[in-house]
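Trainee: Please take me slowly through one part of this model, giving the cut-offs behind each term as you use it.

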Amino acid sequence: MKLLIINGSPKLGINNTSILLDKFILGFKENPDNTFQICRMNTKETYQKAVNEFVDADNILIAFPLYTYSMPAGIKLFFESLEHYQKKCHGKKVAFLVQYGFVEATHARPLEKYLAFICKILECEYMGTIIKGGCDGLSRNQIGAKKILRGMYEIGKSFGACGKFDYDQLNHYSAPEVTKKMNRLLVKIMFWAINKFYWERAFKKNGISVKESFAKPYGE
Amino acid sequence: MKVLVLNGNPKQDYPEFDLYLEQLKNFCDEKDIAVELILLREFDLHNCIGCYSCWLKTPGICFHRDGMELLIKKYLAADIVILASPIIMGFVSSLLKCFNDRLILLGHPFLYLKNDRMAHVPRYAHYPQTVLFLDDPKYAESDCFSLIESVYQRSSREFKKMFTTKNNIQEIIDEITHY
């Protein structure tokens, strides 16, 4: 399979989306017949380039972070640029990768439906969406994220071998759906630890106290 | 009662949508309801680049100084915010989404549990009630209304309801002024 990979992370430098994509590609390349091409899309100029490459490609993976429970504005602009291609994308197969900080899969479920919908109006085949939460800070702590990265490699490998997703594998990878089943006290301890050892450390590194981090510059 | 209408219509060749919101504003004026209508496309807002400056470096303030400061002030000062956009490719415009993405600074990175899932602690004590206002989509048969609503129910603090150009202006105003 020849795969066009569009990385739509709005970040300027290193980004969690690309770290996950690197692992996906490692797995995907295990099949020697597979080739890929990466298109970085995060500026006005690159949106148009991505549209041209999308139009020319048969198999496409579009990867981006979840912003306010859906695609970042830039990805939406890319979809808007495809307005003229509605009902004209027969034969194309499109897959998605969505990653974000919150651990539960439920945050991305409405977006997942939208991604299937956009494929429907383009009349291309929707292959599925890899959803993975808990990805904040991958760039700073790849060792702690071993399981996430390993899982992405495995998904890339099976996608590369079969030319499609194994939905059971995707669901397993996205878990937990919600934190309901976890012990409340454990959850509280986990959040306390994240706030304390992850965010407070990040404030400190930037010379910001916890009190200052709660600043209300635009009034009460 | 202060109403802020943010018009996220990116298309100059679609004046009908703008006109509808003008009528809504005029209606409020007649009823002595303080209302402000802002055309987002007149701003040159940058997309959020996920740099976390507004959380970690200058808490509550965005790295981009492009007029969003003014919009945030107006947003926080309003009682009701109408987020308006035509449906384009089954979702709100990239222009309105850009505004929504930039509201990340209204939250604080600390986590807490809300409805069995993670959420960020609010930075401010009060947020305006928000409603969505959409046009009638070309894909009337589709379920994009419920998709958009479910995204906003999760993402927007104090989200109340979704209206469309099919709704009567008087009914919209009567309802939102009773929140």
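Mentor: Axes here are lines fitted to C-alpha atoms, for helices over the stretch in contact, and angles run from 0 to 180 degrees between N-to-C directions. Helices (H or I, at least four residues) and strands (E, at least two) are DSSP runs numbered from the N terminus. This is a predicted model, in which local features need pLDDT of at least 70 and side-chain atom pairs count only at pLDDT 80 or more, while totals for chains, interfaces and linings use all residues. Residues are numbered from 1 along each chain as its sequence is written, chains are lettered from A and ligands numbered from 1 in the order in which they are written, and side-chain values use heavy atoms, leaving out hydrogens and water.

In chain A, helix α2 (residues 44-56) packs with helix α3 (residues 73-81) at about 50°, their axes being 10 Å apart. That angle makes α2(A) oblique to α3(A), given that under 35 degrees counts as roughly parallel, over 145 as roughly antiparallel, 65 to 115 as roughly perpendicular and the rest as oblique. Their crossing is right-handed, the near helix being turned clockwise from the far one by less than a right angle. Y47(A), A50(A), V51(A) and F54(A) of α2(A) meet G74(A), L77(A), F78(A) and S81(A) of α3(A), contact meaning heavy atoms within 4.5 Å. This contact of α2(A) with α3(A) contains 6 nonpolar, 2 polar and no charged residues, where Ala, Val, Leu, Ile, Met, Phe, Trp, Tyr, Cys and Pro count as nonpolar, Asp, Glu, Lys and Arg as charged, and the others, Gly among them, as polar.

Strand β6 (residues 129-134) of chain B is mostly covered, with 5 of its 6 residues buried, that is, under 20% relative accessible area, whereas exposed means over 50% and partly exposed lies in between (1.4 Å probe, protein chains only). On one pairing, 6 bridges join β6(B) to the parallel strand β3 (residues 80-85) of chain B, and L83(B) stands opposite L132(B) in β6(B). On another, β6(B) and strand β7 (residues 159-164) of chain B run parallel over 5 bridges, with V131(B) partnered by K161(B) in β7(B).

Strand β1 (residues 2-7) of chain B is joined to β3(B), again in parallel, by 5 bridges, and N7(B) faces A84(B) of β3(B) as its opposite residue.

Helix α6 (residues 169-176) of chain B in turn packs with helix α1 (residues 15-30) of chain B at about 55°, their axes 10 Å apart, which makes α1(B) oblique to α6(B). The contact draws on Y20(B), Q23(B), L24(B), F27(B) and C28(B) of α1(B) and on I169(B), Q170(B), I172(B) and I173(B) of α6(B), giving 7 nonpolar, 2 polar and no charged residues.

Notes:
Pairing = 2+ DSSP bridges.
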